[in-house]
Amino acid sequence: MKVHPVTLSILVIDENRIRASVIEAGLRDAGYDRLTVVHDVNGIARRIAELEPDVIVIDLGNPNRDMLENMFQLSRIVKRPIAMFVDQSDQASIEAAVDAGVSAYVVDGLKQERVKPILDMAISRFNAFSKMARELDEVRSELESRKVIDRAKGILMRTRGLSEADAYALLRKTAMNQNRKMSEIAESLITAAGLLAPEEE
Amino acid sequence: MAEAYRITAGFMPLLDSALLVAANEKGFAQAEGIDLQLVRETSWANIRDRLAVGHFQVAHLLAPMPIACNLGLTPLATPTIAPMALGLGGNAVTVSNTLWDAMSAEGAKPDLDPSQSGRALQAVVATRAAQSKPPLRFAVVHPHSGHNYELRYWLAACGIDPARDVEIVIVPPPLMPDALAAGTIDGLCVGEPWNTACALLGHGHIATVKAAIWRSSPEKVLGASAHWAEENPEALAGLLRAICRAAVWCGSSDHHRELAEILAGPAYLGWPAEWLMPALSGQLHVNAQASFSVEHFFIPFAKAATFPWKSHALWFYSQMVRWDQVAHTPGNVAIARETYRPDLYRAALKPLGIALPVANAKVEGALHTATPVGSAGPSLTLGPDGFFDGSLFDPDEIDSYIARQQRDR
């Protein structure tokens, strides 16, 4: 993979440590080993001056973007002016980056073909991370609804003397009849039980 | 309403997003057949990028930002117009308690007077320089912001060179109170609720206000993608009418409490309503103990507060030149002038029967008191609109204005 005659120096600024490591791994696998990852923008001016990065990758959720952009434009600090992306005519890349929530700043004079793979990698890693985060959320809410359903089953078993399987079947049937999620029915049941018999909770 | 236009607008969680928020929450957008989607953002750069790629058709923008975009001063600069302003005033300069104590010893009074507090600050700056102490550090939110230009104007008019005698850095508004408390910065110029937050948290003292440095001055505008505006004139006109009605609603003191509660909601600012009331009522907390009443601190509607004056655009341009952000050329003057679009404003609002200024530009600083002016429709009162140092900005004399400011450096 190491086809870059002189690898570009890359700085990744991301407050999200997990996402930053996902990007880092991707870039290292692609042969970019002059790579620095920063989670905190405190003292960033000094780091940039030391590192003199060719490319800076930053997540769009960072509230310090206005500060960073201003710094990039002040050549006093960064020596070489840094522009956003490499070629503004590459509208598709720019859109893909903004959609993914990532932005890249590049020192003037770099050729697009040298930078594009880095940006593409960052975009795909950002998207992969978002997908992962979404899936994690789904798992979390799945677990959460399972807990709620278990509590509702327990209430039905105690108050109506049902077996666990019958309690589950009743919840399921009610949900189907009302065209709602089982977890919603379970939540309503828990709320109602709490109101009717506060000592239960 | 027959057909709904869907318009997505980006906004920053600041008090002057009020007009957009009220247009949505109080049904003014809906009444114009507009499905207005408001998307909260974390930086001005994000708003600019998302305007550029078409996620947003319009946005809450710092008034100089569309000019900077059209002049190519920012990355992803896409043609942007300002067909409406989103109110006048609303900013203040807050200093740390330590700096305020030093300024008080030099004669600053808690009456928000820019001349007196500026003289006191100049004395503090001179003393620090004589003692070889590091320069004071002030924060603003963006290089192309009213905050940056009014802070620099105030400092320069008080004998402080903003480029040499102090350091000016960029800090996102929500991080300002902590930065001031930690001593990372000595002062800041920011919109509300952040001055009030600094004061109420006991981190600082409000030294002066935008409404005193340059009276009746613009702060945010509605920025629109020039391309989208051209393709969708009815949608834009409907939105301008909705925001205008929202501005009238926001301007009534009967609605201030309700407005503060709406803005305090988690989808909008997510900060306590108590932080938002002072800017609306003009009863500012200058520090944790004392308050001071400021007439016209933030004006949503009165005094043609939503009119996009070309003289405002040209003043911002003159300050971009003054602080070396752009070269002064006739072409650049024309770009700045054409960014603000009073023609679109007038055409859209004519059916509302409100007072519309007949001129596109005015001499800033010419009105020393509230003055009835020529208008189409009902009578219109403008001003006072002066700079605190008494100087005038005549947009027809921009060359000599710029030359004078360069010479004075």
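Me: A residue is buried if 20 or more other C-beta atoms lie within 10 Å of its own, exposed if 12 or fewer, and partly exposed in between, with C-beta atoms placed from the backbone. Which residues of helix α5 (residues 97-105) of chain B are buried?

Reply: This is a predicted model, in which local features need pLDDT of at least 70, side-chain atom pairs count only at pLDDT 80 or more, and totals for chains, interfaces and linings use all residues. Residues are numbered from 1 along each chain as its sequence is written, and chains are lettered from A and ligands numbered from 1 in the order in which they are written. In α5(B), the buried residues are Leu99(B), Trp100(B), Ala102(B) and Met103(B).

Me: What puts these residues on the same side of α5(B)?

Reply: They cover an arc of only 160 degrees around the axis, and therefore share one side of α5(B); the arc is taken from the directions from the helix axis to the C-beta atoms. On the face turned away from that buried side, α5(B) carries the exposed residues Thr98(B) and Ala105(B).

Me: What covers the buried residues of α5(B)?

Reply: The cover includes β6 (91-96), α6 (114-130), β7, β9 and β10 (204-209) of chain B. Helices (H or I, at least four residues) and strands (E, at least two) are DSSP runs, numbered from the N terminus.

Me: Why is strand β7 (residues 136-140) of chain B called largely enclosed?

Reply: Four of the five residues of β7(B) are buried, so the rest of the structure largely encloses this strand.

Me: What makes β7(B) and strand β8 (residues 166-170) of chain B a pair?

Reply: Pairing requires that DSSP find at least two bridges between two strands. β7(B) and β8(B) have five bridges and pair in the parallel sense, with Phe138(B) opposite Ile168(B) in β8(B). Two bridges also join β7(B) to strand β9 (residues 187-191) of chain B, again in parallel; there, Gly187(B) is the bridge partner of Phe138(B).

Me: Which β-α-β unit contains β7(B), and what is its hand?

Reply: β7(B), helix α7 (residues 146-157) of chain B and β8(B) form a right-handed unit: with the strands pointing away from the viewer, the path from the first strand over the helix to the second runs clockwise.

Me: How many residues does each chain bring to the contact between the chains?

Reply: Chain A brings 15 residues and chain B 18, where contact means C-beta atoms, placed from the backbone, within 7 Å. On the chain A side, α3 (65-73), β4 (82-84) and α5 (91-100) each supply at least two residues, and α3(A) gives the most, with five.

Methods. Contact = placed C-beta atoms within 7 Å.
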